[in-house]
Amino acid sequence: MLAAVSNKNLVGPGGALDLLRHGLNTANITHALVVALDEQTGTWLGRRGTAYYERRLVSRTGSTDNHATSGLKFKVLMDFLSVGCSVLLSDVDVIWLADPEPHLRTLWEADVMTATDCLSPSADDERAPPASRAAQGVNRCAFAAGNVHGHAAFNTGVLFFRDTPAAKA
């Protein structure tokens, strides 16, 4: 199951939720749904024939901004695992060009997988100001040359949890 979490802030024509829906439809990903955090989002999705379920959650701070909303996906994670369903949690701003399920099936040994922001250490170094690089440390990416500390910067925009005891731990 591919699932995204959204609230009314992302609802509307051309908004992030609309783009997610378009990408899922274009890539013919039929095993996807949106966890609607409020009634307005659920109503909007329902009118468009998008699979969803409503789970009213609020961040600890009460904020409804994108960062706070993204963090709520960890609360819905067990909704899926508790019923025996592996889940690929996606941020709403991810554009899916193809169905990831066939690829995930080949990675059967992994219980939990995540994306990384460390796509290119040299490109990251070129974009980041020297003071920012110093604060991050030279070994911020696990695959960077000379990284003996195992540090890695992960991006929780795409997370996969297989329905296994290890993933639930």
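A residue counts as buried when its relative accessible area is under 20%, as exposed when that area is over 50%, and as partly exposed in between, using a 1.4 Å probe and protein chains only. By that rule Leu97 is exposed, because its relative accessible area is 75%. This is a predicted model, in which local features need pLDDT of at least 70 and side-chain atom pairs count only at pLDDT 80 or more, while totals for chains, interfaces and linings use all residues. Residues are numbered from 1 along each chain as its sequence is written, and side-chain values use heavy atoms, with hydrogens and water left out.

**Overall make-up**

- The protein has eight helices and six strands, taken from DSSP runs (helices H or I, at least four residues; strands E, at least two) and numbered from the N terminus.
- Along the sequence these elements follow the pattern β-α-β-α-β-α-α-β-α-β-α-α-β-α.
- The protein has 169 residues, of which 38% count as buried.
- A contact means heavy atoms within 4.5 Å; among contacts between residues at least 6 apart in sequence, 64% join residues at least 24 apart.

**Nonpolar cores**

- A nonpolar core is a set of buried Ala, Val, Leu, Ile, Met, Phe, Trp, Tyr and Cys residues joined through side-chain atoms within 4.5 Å.
- The largest such core has 20 residues, and those with the most contacts inside it are Leu2, Leu17, Leu20, Leu24, Ile29 and Trp96.
- Strand S1 (2-6), helix H1 (16-26), strand S2 (32-36) and helix H2 (39-47) each give two or more residues to this core.
- Neighbours within four places in sequence aside, Leu24 is in contact with Leu2, Ile29, Ala32 and Trp96.
- A second, separate core of 16 residues includes Leu72, Leu81, Leu89 and Leu159.

**Helix H4**

- The buried residues in helix H4 (residues 73-81) include Lys73, Val76, Leu77, Phe80 and Leu81.
- They lie on the same side of H4, because they cover an arc of only 145° around the axis, the arc being that of the directions from the helix axis to the C-beta atoms.
- An α-helix has 3.6 residues a turn, so residues three or four places apart point the same way.

**The loop with His31**

- His31 lies in the loop between H1 and S2.
- His31 and Asp99 are 68 residues apart in sequence, yet their C-alpha atoms are 9.3 Å apart in space.
- Beyond its neighbours within four places in sequence, His31 is in contact with Met1, Leu2, Asp99 and Glu101.

**The loop with Leu97**

- Leu97 is in the loop between strand S4 (87-90) and helix H5 (101-105).
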